Amino acid sequence: MSSKPAANNEMVRKNSKDKISVNQVLQQADSFISTDEVFSSVTEWQEMMTKYNCAIREIRTKFEVLNDELSIRSNRNPIHGIYSRIKSPRSIIEKLHRKGLDLTMDNIRSEIHDIAGVRVICDFADDIYEIADMLLMQDDIKLITYKDYIRAPKANGYRSYHMIVETPVFFSDGKEMMKVEVQLRTIAMDFWASLEHELRYKKGLDKETLAEISADLLNCANTIADVDNQMMGIKDKLYPKFPDADE
Ligand code: GTP
Ligand code: MG
């Protein structure tokens with residue numbers, strides 16, 4: 001048994017400069033797991049990701065419905081945009097590794113809560129709380145956790161409202177509760193977060209430049225929070241509040 005992976009490593013090393021064809025990969029994999037096992041794992045992975053995709057669609061639809069309804073009732077669209085993504089296989093594997101967990105479907109399902117991600121961009125900061133509450137009031141939505149980085153911003157200036165929610169999705173063989181990470185933020189917070197995200201992945205910056213950019217970003221985050229507050233004040237003078245659900 002133990003000689004097989006070693007032989008396999010040798011083969012990978014020999015071929016490492018060349019492009020390896022799918023057949024070669026399958027042949028190599030076959031030396032310690034069967035091709036059938038590879039295919040059944042791939043199918044299981046695809047099935048799971050399809051389920052998360054369906055959960056994203058359910059949550060997106062809920063936000064779209066709220067936005068449509070509120071836009072008729074108060075003459076403005078509280079939601080500026082909705083974006084979604086499925087976590088890449090690489091990020092899933094890296095996250096499990098960081099948590100010291102084995103790569104198993106059970107661990108992915110129970111320990112990684114952000115495989116399905118939906119980001120809701122609002123025009124105004126107070127809409128974030130209204131929209132989040134309206135989602136949570138729905139009886140097929142269960143709140144698992146939330147983090148309010150708006151009332152308690154991160155030290156670097158990051159602001160957003162995060163929730164992990166669970167929603168049932170109906171498949172041919174029954175109902176499954178699926179977790180979705182929802183991030184709500186204003187346009188300005190989103191602009192800031194995209195730039196700050198670039199900084200995280202930028203390689204080769206010296207210490208001083210990094211400190212300078214971090215200080216600039218913190219400054220910008222505070223200015224943005226100020227502007228978001230002022231914009232909210234203008235909005236309150238222009239538009240009526242969203243009516244309560246029972247009004
Ligand atoms: P992750 O393991 O990174 O998912 O973080 P977490 O499980 O502790 O959850 P948290 O709610 O803090 O962050 C979830 C996600 O929010 C991240 O994956 C990012 O997309 C975003 N986020 C959190 N903090 C920051 C930040 O400081 N800057 C930016 N740009 N994004 C952030
Ligand atoms: Mg994440």
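Visitor: Which residues does asparagine 67 touch, leaving out those up to four places away in sequence?
Guide: In this predicted model, asparagine 67 touches Asn77, Pro78 and Ile79, once residues up to four places away in sequence are left out.

Visitor: What is its phi like?
Guide: The phi of asparagine 75 is positive, near 70°, in a residue other than glycine. As background, most residues other than glycine have a negative phi. A positive phi near 70° is also found at glycine 100, which follows helix H4.

Visitor: Since you mention H4, how many of its residues are buried?
Guide: The count is 0 among the 10 residues of helix H4, residues 89-98, so this helix is described as hardly covered.

Visitor: Then which residues are buried in H6?
Guide: In H6 the buried residues are Ala125, Asp127, Ile128, Ile131, Ala132 and Leu135. Seen down the axis of H6, these buried residues fall within an arc of 140°, and they therefore line one face of the helix. As for its length, H6 runs over residues 125-136, which makes 12 residues, and reaches 18 Å from its first C-alpha to its last, close to the 16 Å expected at 1.5 Å a residue.

Visitor: What does tyrosine 161 touch?
Guide: Not counting residues up to four places away in sequence, tyrosine 161 touches Ile128, Ala132, Asp148, Tyr149, Ile150 and Leu184. Among these, Ile128 and Ala132 are buried residues of H6. Tyrosine 161 is found in strand S4, residues 161-171, and its C-alpha is separated by 4.8 Å from that of aspartate 148, which is 13 residues apart from it along the chain.

Visitor: So is tyrosine 161 buried or exposed?
Guide: Tyrosine 161 is buried, because 22 other C-beta atoms lie within 10 Å.

Visitor: Changing topic, which residues are around ligand 1?
Guide: They are Asp114, Lys147, Lys154, Asn156, Tyr158, His162, Gln183, Ala193, Glu196 and His197. By type, the residues of this shell divide into 2 nonpolar, 4 polar and 4 charged. Helix H7, residues 187-201, gives the most to the shell, with 3 residues.

Visitor: How many helices and strands are there in the chain?
Guide: The chain has 8 helices and 5 strands, and from the N terminus on its elements run α-α-α-β-α-α-β-α-β-β-β-α-α. Of the 247 residues in the chain, 18% are buried, and among the contacts with a separation of 6 or more, 65% are between residues 24 or more positions apart.

Visitor: What is the mean pLDDT of the chain, and how many residues reach 70 or more?
Guide: The mean pLDDT is 87, and 83% of the residues reach 70 or more. Over residues 1-17, however, pLDDT stays under 50, and the model has 11 contacts beyond four places in sequence for that stretch.

Key. Residues numbered from 1 in each chain as written. Chains lettered and ligands numbered in written order. Predicted model: local features only at pLDDT ≥ 70, side-chain atom pairs only at ≥ 80, totals over all residues. Near = placed C-beta within 6 Å. Helix = DSSP H or I, 4+ residues; strand = E, 2+ residues; numbered from the N terminus. Nonpolar A, V, L, I, M, F, W, Y, C, P; charged D, E, K, R; others polar. Expected span 1.5 Å × (residues − 1). Buried ≥ 20, exposed ≤ 12 C-beta atoms within 10 Å, placed from the backbone. Arc of directions from axis to C-beta. pLDDT = per-residue confidence, 0-100. Contact = placed C-beta atoms within 7 Å.
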